[in-house]
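Please keep the structure open beside you while you read.

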Amino acid sequence: MPDWDLLLTDVRIATMCESTAPYGVASAADAIAISDGRIAWIGEQTTLQGKTASVQRSLDGRWITPALIDCHTHLVFSGDRASEFEQRLQGASYEEIARAGGGIMSTVRATRDATSEELFDLALPRVSALADEGVATLEIKSGYGLELDTEIRMLEVARRLGEETAVDIRTTLLAAHTVPPEFVGEADRYIDMICNEMLPQVAERNLADAVDAYCESIAFSGPQVAKLFAAAKQHGLPVKLHADQLSDCGGAELAAHFAALSADHLEYTSPAGVRALAAAQSVAVLLPGAYLTLGETQLPPIDALRSSGVAIAIATDCNPGTSPICSLRTAMMLACRLFRLTPEECLAGATRNAARALGLDEDRGTLEIGKRADIAVWNISHPRELAYWVGTPQLAELLTGRHTTRP
Ligand SMILES: [Zn+2]
C-alpha cells in the first residue's frame, strides 16, 4: 500500500504562508505529497526514505502556488452593459445612469427573462476563463433577480456550476443589491421581504454560504443593512458588505459591527472604518477592476489598511456594469499599478486572504499539510510574474482537492 496518492517532485514551492520568507517560499523543500485530496507532506526529496505514492511525477523545476481564489464575483447574469460603457465614456456618471433607470436595472430585466439553462450556459465560459488562469475557488453572488424566484434561480445556477466544473463555488445572497422597481421608495419594505421570505427559503435549502448587501446612497442605508445582517446571523449565515464604494457611508464600521467576513471596495473608508475592520479581523477586498472601469480617482486607504494589519484580498468583481473583467490575473496586475500593492501582496490577496474572505482559511489558500490540495503549477521563473503578465497562458496545470481524491 503506497503512503500517498500523488507525489510531485522537482518542484519549487511558494506556500504563501505568512512567514519571513517572501512568498512563503519553502527554500529547501522540492517535493509535495497528496492524499485524499489533501496536502500530506512537504519536504526534501532526499529525505523520502522509502515512502511511496500511487503516482509520482516530476514537475521539472516548475513553481507551484496555492490555486487562486476569486472571492468577489457577480458572474451569473444575462445581457451586457456595453452601451452604458459607451455612455460613461461620453461623460455620464454611474449614479446618473442608475437614477435614470439604466445600469443595473437593464441587467435585472435580462436576468429575470433568462431561463436557468441560459444563465448556466452564459456563466460557464466565465468560470472556465477563471479556471484557465489558475482559479480553483470562486464566489458568485446573486443580486440581478431582486425577487424570490430569480434570486433563487441565480443561486441554483451558481451551485450547479460548482457541481459540473472542477471549480469550487461559494454562493452569496445579494438580494439587497439595489431596490427593485416593484419597491421604489419602499426600500424598508423590500428589506423586510428579504428577511421574512427570501432568507428563510435560501437558508432552508442551503443555497447561500453568506449574505451580502450594497450600502450606498443609491442602494441601502446603514439601518436597512443592519436589519438584514441581523436576520442573516439568525440563520447562521456570515455576512459581507459592498462598503464605501462611492462615498463614506460608514460601511466598514457597519461590516465590522457584524464581524463580516469582508468589506469590499472601500475607496471612501475613513480611518475609523479601517480601525473597525482591523478590530473585527474582517478582510478588506479591493476591486481594482471596478475602480478602473468607473474612472474612480479616490484610492482605497491602502497604507492605513497595511499599518492596521487588515488582511487585503483582490478580486475581479466580474460583473457586466462596473467590472467587465473575467481575469483574476488582470485584477492582480491592476492592483499593483493602480493601488501600488506589491506583487506578493496581490498573490496573498488572491490566495491566503481571499480564502479568509470566504471563511475558508482553515481549509485552503496556502500550501500547508492538511489543507486542500488546490495547487497551481506555473511556467514562470518567479511568483512575482503572476501579478505582472496579463493574458499570457502560464498555468501548466491546476490540481484540485477533488481530482486528487483516492478513487
Ligand atoms: Zn460587487
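The charged end of Arg-160 sits over the ring of Phe-120, 3.6 Å from the ring centre. A charge counts as sitting over a ring if NZ of Lys or CZ of Arg is within 6 Å of the ring centre and within 35 degrees of the ring normal. Arg-126 does likewise with Phe-77, lying over its face at 3.7 Å from the ring centre.

Before going on, note that this is a predicted model, in which local features need pLDDT of at least 70 and side-chain atom pairs count only at pLDDT 80 or more, while totals for chains, interfaces and linings use all residues. Residues are numbered from 1 along each chain as its sequence is written, and side-chain values use heavy atoms, with hydrogens and water left out.

**Ring pairs**

- How many aromatic pairs does a search of the whole structure find? The search finds 7 of them; rings of Phe, Tyr and Trp (its six-membered ring) pair if their centres lie within 6.5 Å, and planes under 30 degrees apart count as stacked, over 60 as edge-to-face and the rest as tilted.
- Phe-183 and Tyr-190 form a tilted pair, because their planes stand at 50 degrees, with the ring centres 5.1 Å apart.
- Phe-183 is buried because its relative accessible area is 12%; buried means under 20%, exposed over 50% and partly exposed in between, using a 1.4 Å probe and protein chains only.
- Tyr-190 also counts as buried, at 0% relative accessibility.
- Tyr-291 and Phe-339 make an edge-to-face pair, with 5.0 Å from centre to centre and 80 degrees between the planes.
- This pair links distant parts of the chain, since Tyr-291 belongs to helix H10 (residues 288–293) and Phe-339 to helix H12 (residues 328–339), 48 residues apart. Helices (H or I, at least four residues) and strands (E, at least two) are DSSP runs, numbered from the N terminus.
- Tyr-291 is buried at 9% relative accessibility, and Phe-339 is buried too, with a relative accessible area of 3%.
- Ring pairs also join Phe-183, Tyr-190 and Phe-220 into a cluster.

**The zinc site**

- Which protein residues donate to the zinc ion? They are His-72 (NE2), His-74 (NE2), His-242 (NE2) and Asp-317 (OD), lying 2.1 to 2.5 Å from the ion.
- Donors here are N, O and S atoms within 2.8 Å of the metal (3.2 Å for Na, K and Ca); water is not among the atoms, so sites may look incomplete.
- Along the chain, the donors follow the spacing H-x1-H-x167-H-x74-D.
- Why is the arrangement irregular? The 4 donor atoms subtend angles of 81 to 169 degrees around the zinc ion, and this makes the arrangement irregular.
- For reference, four donors count as tetrahedral if all angles lie between 85 and 135 degrees; four count as square planar and six as octahedral if opposite donors are over 155 degrees apart and all others between 65 and 115; anything else is irregular.
- His-72 is buried at 0% relative accessibility, and His-74 is buried at 2%.

**Two loop residues with positive phi**

- Leu-146 is not a glycine, yet it has a positive phi of about 60 degrees.
- Leu-146 lies in the loop between strand E6 (135–141) and helix H5 (148–164), and counts as buried at 1% relative accessibility.
- Asp-244 is not a glycine either, and its phi is positive at about 55 degrees.
- Asp-244 sits in the loop between strand E9 (240–243) and helix H8 (251–257), where it is buried at 0% relative accessibility.

**Places to find along the chain**

- Val-135 is part of strand E6 and is buried, at 1% relative accessibility.
- Leaving aside neighbours within four places in sequence, Val-135 is in contact (heavy atoms within 4.5 Å) with residues including Leu-68, Asp-70 and Leu-398.
- Ala-82 is in helix H1 (residues 82–89) and counts as partly exposed at 46% relative accessibility.
- Ala-82 and Pro-320 are 238 residues apart in sequence, while their C-alpha atoms are 8.0 Å apart in space.

**The whole protein**

- The secondary structure comes to 14 helices and 14 strands.
- Of the 407 residues, 58% count as buried.
- Among contacts between residues at least 6 apart in sequence, 73% join residues at least 24 apart.
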